[in-house]
Amino acid sequence: FSLLAVVIGAFVAGGGYWAYWNYYARWRPVTIIKDQNEIQKLLEAAGAVSPQRTGAWIYMISYRGCAPCARYQREEFPKLAEANVDTRVIVFAPPDREGVSQSTAAERATVAELWINRDWGLYLNWMAQPRKTWTAPGLKPADGDIARTAVVDASRQFVDKLSPLLKGNGLGGEYPLLIWRDRDGYLKACACADRRSYAFIRHDLGVADETPSLISLPKP
C-alpha cells in the first residue's frame, strides 16, 4: 500500500506539474535579464512606426506574410489603443532562402519606406490590403536602389542582432516578437504565436480584456 501511495502521489504531482506548464507557464512571457541595454538600443534605433501615443509602449517585430502577427494586430491593437499604449511596429523583409526570395518587390519597397519615413498611415494602409494585390503605389522601388536596398538589409540585420539576444534570455524564434516594459519597469518579451499569451501582456500593460471595436484586417 505504501508503494502504491508513492506511485499515485508521483502520478498526481507529475500530472499537476504538466497541467501547470501546459495551460499556464509555457505561455508566460520571459523577463529580460541579460543584455537589456543592447536590446533597448536596437529597438530605439530601428525603423519603427507607431501612432505616437503617450502611454506605455510595446514593440511588435513582424513581417508581412506572418499570419500570427496580423492576428495579434487585429485582435489586440484595439485593446491597446483603448489604454493609450503606443504600438511600435518594426517590419523586416525576410531574407532569401536557398536562393528563393521570401518577400516581394512591393514588400521590400514598403519596408524601406517605413524605415526611412516611419509613416503609420502607410503601414495601416499596407496591412489593410491583401498581400497578393499590394503593389506599393507611389513608393520608390528598393530593388535597384543602393540606398533603399541598404535599408532593407538593415531590417534583416536588426533581426539577426536581436534574435540571439532574445534566445539568450530563453525566448524562441516565433513571430510576432513582442517586447515591452511592465508596470514595474521590467523589460519583457514574448514570441506570441499563440493567443494564450495575450492575456499576460494585457495584464502587464494595464489593458482591459475586452473592447467594443476591432480593426478589420485581411489574412496575409
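**A chat about the model**

Reply: Happy to! Let's start with Gln-52, which counts as exposed because its relative accessibility is 62%, over the 50% cut-off. Keep in mind that this is a predicted model.

Me: Is Ala-136 buried or exposed?

Reply: Ala-136 is buried, because its relative accessible area is 6% and buried means under 20%. Gln-52, by contrast, is exposed at 62%.

Me: Let me zoom out. How many helices and strands does the protein have?

Reply: There are seven helices and five strands. Reading from the N terminus, the order of elements is α-β-α-β-α-β-α-α-α-β-β-α.

Me: And how much of the protein is buried?

Reply: Of its 220 residues, 44% count as buried. The protein exposes about 11,900 Å², and carbon and sulfur atoms supply 55% of that area.

Me: What share of the contacts comes from residues 24 or more positions apart?

Reply: They make up 74%, counting the contacts in the protein with a separation of 6 or more.

Me: Nice. Now helices: how do H3 and H7 pack?

Reply: Helix H3 (residues 67–82) and helix H7 (residues 198–205) pack at an angle of about 30 degrees, and their axes are 12 Å apart. Their crossing is right-handed.

Me: Which residues make that contact?

Reply: H3 brings Pro-68, Arg-71, Tyr-72, Glu-75, Glu-76, Lys-79 and Leu-80, while H7 brings Tyr-198, Ile-201, Arg-202 and Leu-205. By type, the residues of this contact are six nonpolar, five charged and no polar.

Me: So how covered is H7?

Reply: H7 is mostly covered, with six of its eight residues buried. The buried ones are Tyr-198, Phe-200, Ile-201, Arg-202, Asp-204 and Leu-205.

Me: What covers them?

Reply: The cover for the buried residues of H7 includes S2, H3, S4 and strand S5 (187–191).

Me: New topic! I clicked on Arg-156. Where does it lie?

Reply: Arg-156 is part of helix H6 (residues 146–167).

Me: Why does Arg-156 count as buried?

Reply: Arg-156 counts as buried because its relative accessibility is 17%, and the cut-off for buried is under 20%.

Me: What is Arg-156 in contact with?

Reply: Leaving out neighbours within four places in sequence, Arg-156 is in contact with Ala-93, Pro-94, Pro-95, Ser-103 and Arg-108. With Ala-93, look at the backbone oxygen, which lies 2.7 Å from a polar atom of the Arg-156 side chain.

Me: Last one: where is there a cis peptide bond?

Reply: A cis peptide bond joins Tyr-175 and Pro-176, with omega about 10 degrees. Pro-176 belongs to the loop between H6 and strand S4 (177–181).

Me: Great, thanks for the tour!

How values were computed:
Residues are numbered from 1 along each chain as its sequence is written. This is a predicted model: local features need pLDDT of at least 70, side-chain atom pairs count only at pLDDT 80 or more; totals for chains, interfaces and linings use all residues. Side-chain values use heavy atoms; hydrogens and water are left out. Helices (H or I, at least four residues) and strands (E, at least two) are DSSP runs, numbered from the N terminus. Buried means under 20% relative accessible area, exposed over 50%, partly exposed in between (1.4 Å probe, protein chains only). A polar contact is a pair of N or O atoms within 3.5 Å; within protein, one must be able to donate a hydrogen and the other to accept it, and residues adjacent in sequence count only if both atoms are side-chain atoms. Contact means heavy atoms within 4.5 Å. Accessible areas come from the Shrake-Rupley method with a 1.4 Å probe; for residues, only the protein chains shown count as cover. Axes are lines fitted to C-alpha atoms, for helices over the stretch in contact, and angles run from 0 to 180 degrees between N-to-C directions. A crossing is left-handed if the near helix is turned anticlockwise from the far one by less than a right angle, and right-handed if clockwise. Ala, Val, Leu, Ile, Met, Phe, Trp, Tyr, Cys and Pro count as nonpolar, Asp, Glu, Lys and Arg as charged, and the others, Gly among them, as polar.
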